[in-house]
Amino acid sequence: MNEKVTNIANKAKLQWNERTKIQKVLLVASVFVLMLLIAALIALSFRTNYAPLYSNLSLAEAGQIQEVLESRGVTTEVANDGTTILVPEREVDRLKVDLAAEGLPQSGSIDYSFFQEQMGFGMTDNEFTVIERSLMQTELAGLISSISGVQNANVVITLAEDSVWLNSGQESATAAVVLDLAPGTTLDQTQVKALYHLIARSVPNLPVENIVLSDSNFMSYTYQEEDSSYAAGSFESQREIKQQIEADLEQTIMQLLHAVVGPNNAIVSVTTDIDFTQEQRTEDLVEPINEEDMEGLAVSAERITEFYEGTGAGEGGVAGTGDEIPNYTGTVAGGDSESERTEERINYEFNRIHKEIIESPYRIRDVSIQAMVNPPEGMMQLPAQQMDNLSAMLNTIVETTIPATVEEAPAATNRVSISSVPFAESAQIENEQPAQGIPMWMIIAAVALLLFIVLLIVLLIRTRKQADTIAIEDQSTHLDIEEDEPIRFNEKEEKEEKKQLKELNQLANQNPEEFSKLLRTWLSED
């Protein structure tokens with residue numbers, strides 16, 4: 001047994017001595033790396049992986065859950081400033097089920113199922129009001145927290161109390177909301193308005209002005225009413241509107257003139273006077289149904305006729321005597337009397353019109369058009385008939401553009417100025433020059449594309465030549481190696497035999513006993 005171990009050791013020693021220095025270093029390094037990998041695998045296999053059990057907890061809830069878990073012998077870790085509890089990954093599902101059976105975590109919020117648990121004959125109105133307000137606050141906070149960018153919301157609502165007095169006005173509710181926004185999140189005015197409307201519609205009798213909205217950084221968000229006037233209140237917007245109207249009119253007129261006198265033969269300039277005053281008024285009108293007779297529609301009529309007939313008494317007193325009125329004759333005894341009275345009542349109904357009028361934010365008050373037309377070649381100006389036709393066409397455009405309510409504007413004929421003069425030759429050449437030949441940028445782009453294609457072809461040819469050269473060298477090298485392999489193999493065997501003989505001689509001279517044992521071993525194996 002010892003001889004076999006010794007032989008194995010000697011062979012290993014011979015193999016080690018045959019290795020070069022680089023091979024020895026690589027062998028030691030590979031063994032060291034292998035040992036490190038084995039140690040790392042062992043450490044990872046015994047390592048405990050933690051996963052979140054609950055996140056976004058309050059500090060009180062996190063402490064309560066951690067105490068319950070530690071009492072069960074479960075190792076826990078706390079992260080995210082105490083809002084997240086980590087447990088071993090393999091126990092997450094089981095612990096969630098066990099804690100849910102115990103009613104953990106207890107968030108303290110009230111949902112609609114709370115009414116079913118607490119409702120009973122013994123509940124007072126005050127208790128019901130408190131539960132209703134808590135439910136409203138919880139539901140509104142959850143609704144706001146579901147908005148993107150809002151991590152949490154705290155809502156406090158004060159509901160209006162009903163008064164027992166009939167003449168007292170109805171009070172309004174109030175609400176205070178504090179938002180916990182995500183890092184880097186800001187609210188613009190559109191989002192603020194949406195939150196205000198959401199809160200106001202969620203609570204009965206809650207006006208927008210009774211809502212206070214802020215974030216956790218003490219930044220207050222106020223509700224700003226949009227200005228009902230048009231955006232033309234600023235100079236820039238008014239200028240843009242004026243330029244846009246003038247450009248549209250110029251384009252329309254240019255299309256008409258080009259169809260008559262040809263392209264590049266007309267120049268148009270339009271100037272407008274725009275009134276940006278906006279008016280908002282309310283009108284309550286009463287108009288008769290029959291405007292000719294100025295009468296309304298009879299909705300009800302009542303006619304009363306009274307007739308009286310009877311006999312009078314005797315003559316009373318002496319005419320013109322005593323306290324009687326002078327020259328007054330008394331009634332004749334035994335005379336008959338008759339009377340008749342007719343009364344007619346008719347109720348008429350008129351048209352009652354209620355108008356809320358908001359006029360447009362701008363109105364074209366005046367338009368002036370200046371046009372120049374290039375006459376045909378050989379003529380100094382267009383014929384008079386053609387000029388009149390063009391002027392009538394432009395006047396029609398002006399009349400349809402300006403509202404009929406504008407009375408202070410001058411006549412349409414005074415707003416149009418059209419003349420026919422030959423254009424300068426330089427202007428014609430400049431206008432015609434872009435149509436001649438190919439643009440310079442297209443020529444440059446074509447030359448660059450051609451150079452790029454030539455460069456690609458040269459690179460492909462050079463790459464193919466290099467690949468062919470490398471393939472030929474590889475083939476020649478492979479053939480040389482195949483031819484030299486037998487010679488090198490024989491030389492190597494001869495060197496190993498000489499080296500073994502030299503080592504045997506040294507062993508025989510230095511340790512004859514070991515040498516004799518080695519010979520016996522070889523003979524026994526043979």
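Which helices each supply at least two residues of the lining of the largest pocket? I found α1 (2-18), α11 (440-510) and α12 (512-525). Helices here are DSSP runs of H or I with at least four residues, strands are runs of E with at least two, and both are numbered from the N terminus.

A note on the source before I go on. This is a predicted model, where local features need pLDDT of at least 70, side-chain atom pairs count only at pLDDT 80 or more, and totals for chains, interfaces and linings use all residues. Residues are numbered from 1 along each chain as its sequence is written, and side-chain values use heavy atoms, with hydrogens and water left out.

**Pocket**

I looked up the volume of the largest pocket and got about 1,000 Å³. Of its 26 lining residues, Asn10, Lys11, Leu14, Leu507 and Leu518 are the closest to the centre. A pocket is an open set of points on a 1 Å grid over the protein atoms alone where a 1.4 Å probe fits, with protein on both sides within 12 Å along at least five of seven lines; lining residues have an atom within 4 Å of a point. The volume is the space filled by probe spheres set on the points, which are joined across faces, edges and corners.

Helix α1 gives the largest share of the lining, 11 residues. I then sorted the lining by type: 5 nonpolar, 11 polar and 10 charged. Charged means Asp, Glu, Lys and Arg; nonpolar means Ala, Val, Leu, Ile, Met, Phe, Trp, Tyr, Cys and Pro; the others, Gly among them, are polar.

Leu455 lies in helix α11. I noted Leu455 as partly exposed because its relative accessibility is 47%; the class runs between buried (under 20%) and exposed (over 50%), with a 1.4 Å probe and protein chains only.

Met294 sits in the loop between β9 (280-287) and β10 (297-311). Its relative accessibility is 55%, so Met294 counts as exposed. I also checked Met294 against Phe350: they are 56 residues apart along the chain, and their C-alpha atoms are separated by 9.8 Å.

**Positive phi**

Most residues other than glycine have a negative phi. I found Asn205 with a positive phi of about 55 degrees, in the loop between α7 (189-202) and β6 (211-215). Asn205 is partly exposed, at 33% relative accessibility.

Phe218 has a positive phi too, about 65 degrees. I placed Phe218 in the loop between β6 and β7 (220-221), and Phe218 is exposed, at 80%.
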